[in-house]
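Please read this note with the model open beside it.

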Amino acid sequence: MYKKQMALQKLICLLAIFASALVFLYSLGIMTDLYDTLYSTMRNPADLTQTDVPGSIVYYTMQPFNSALLRYSIGLLLLACLLYITNTHTRRKYYIGNYLAVGAYAAANVYIAVWAHGYIEAYKERFLRVDFEALRAHADLWKTAYTESTFWFDAHYAVFALTILVSAALVANAAWKTMLMRDEKRLLNEGKEAAA
């Protein structure tokens, strides 16, 4: 039974690194469409009221959120590395450090997913209030990109669903490991009593 659990444990820790890297890449990509379509509409970045497209200010108002998401994604990567530093991926018996690493990674993922979801949905709603007719006219005039796509906003559902699933798998694996350790200890104690 330990062999199956150990193989699953290695896979989940690898998925934790992958999920954290995905959040990092998402934080880099979320502003892509907004930059391509809205940045050039601001005539004077020092005065955000001077714009060719009403509503394009959403590009600038998202900047602090995007910076925070980038920092949080780097933190998630470090927490995923902590799983490897504490040997959570290979350790037969878990110690307090393993449980703390699993708990910290899972809690951080859930917190960031909930936090980011609220902001992303609010910014998506603001993006949808952009004057797209004026944006199309601006794009045609200046030969810039034009899109009404909310792909990068909607992609957060898949990105954060994966991180939450990986976190749930880590916690379930830790619970399974604890039960296996308890059963092994009981069997060893029964063996000692029988030998005495």
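Does Tyr 59 count as buried or exposed, going by its relative accessibility? The first point takes this up, after two remarks on the basis of the note. The model is a predicted one, in which local features need pLDDT of at least 70 and side-chain atom pairs count only at pLDDT 80 or more, while totals for chains, interfaces and linings use all residues. Residues are numbered from 1 along each chain as its sequence is written, and side-chain values use heavy atoms, with hydrogens and water left out.

1. Tyr 59 counts as buried, at 9% relative accessibility, where buried means under 20% relative accessible area, exposed over 50%, and partly exposed in between (1.4 Å probe, protein chains only). The structure holds 18 aromatic pairs, and one of them, between Tyr 35 and Tyr 59, is tilted, with 6.1 Å centre to centre and 55° between the planes. Because Tyr 35 lies in helix α2 and Tyr 59 in helix α3 (residues 58-61), this pair ties together parts that are 24 residues apart in sequence. Tyr 35, at 43% relative accessibility, counts as partly exposed. Rings of Phe, Tyr and Trp (its six-membered ring) pair if their centres lie within 6.5 Å, and planes under 30 degrees apart count as stacked, over 60 as edge-to-face and the rest as tilted. Helices (H or I, at least four residues) and strands (E, at least two) are DSSP runs, numbered from the N terminus.

2. Phe 127 is buried, with a relative accessible area of 1%, and Phe 153 is buried as well, at 4%. Phe 127 and Phe 153 form a tilted aromatic pair, 5.6 Å centre to centre and with 35° between the planes. Since Phe 127 belongs to helix α5 and Phe 153 to helix α7, the pair ties together parts that are 26 residues apart in sequence. Lys 124, placed in helix α5 (residues 96-127), counts as buried at 18% relative accessibility. Leaving aside residues up to four places away in sequence, Lys 124 touches Thr 150, Phe 153 and Asp 154, a contact being heavy atoms within 4.5 Å.

3. On a 1 Å grid over the protein atoms alone, a cavity is a set of points where a 1.4 Å probe fits but cannot get out, and lining residues have an atom within 4 Å of a point. The largest cavity has a volume of about 40 Å³, and α7 gives the most to its lining, with three residues.

4. Helix α4 (residues 63-85) has 23 residues, which at 1.5 Å a residue should span 33 Å, and its end C-alpha atoms are 33 Å apart, which agrees; the expected span is 1.5 Å times one less than the number of residues. Among the buried residues of α4 are Phe 65, Leu 69, Leu 76 and Leu 83. Phe 65 is also part of one aromatic cluster with Tyr 72, Tyr 111, Trp 115, Tyr 119 and Tyr 123.

5. Asn 87 lies in the loop between α4 and α5, has a positive phi near 60° although it is not a glycine, and is partly exposed, with a relative accessible area of 31%. Lys 143, found in the loop between α6 (132-142) and α7, has a positive phi of about 55° and is not a glycine either; Lys 143 counts as exposed, at 71% relative accessibility.

Definitions and conventions: 1 Å grid on protein atoms, 1.4 Å probe; cavity = no way out; pocket = protein on both sides within 12 Å on 5 of 7 lines; lining within 4 Å. Points joined across faces, edges and corners; volume = space filled by probe spheres on them.
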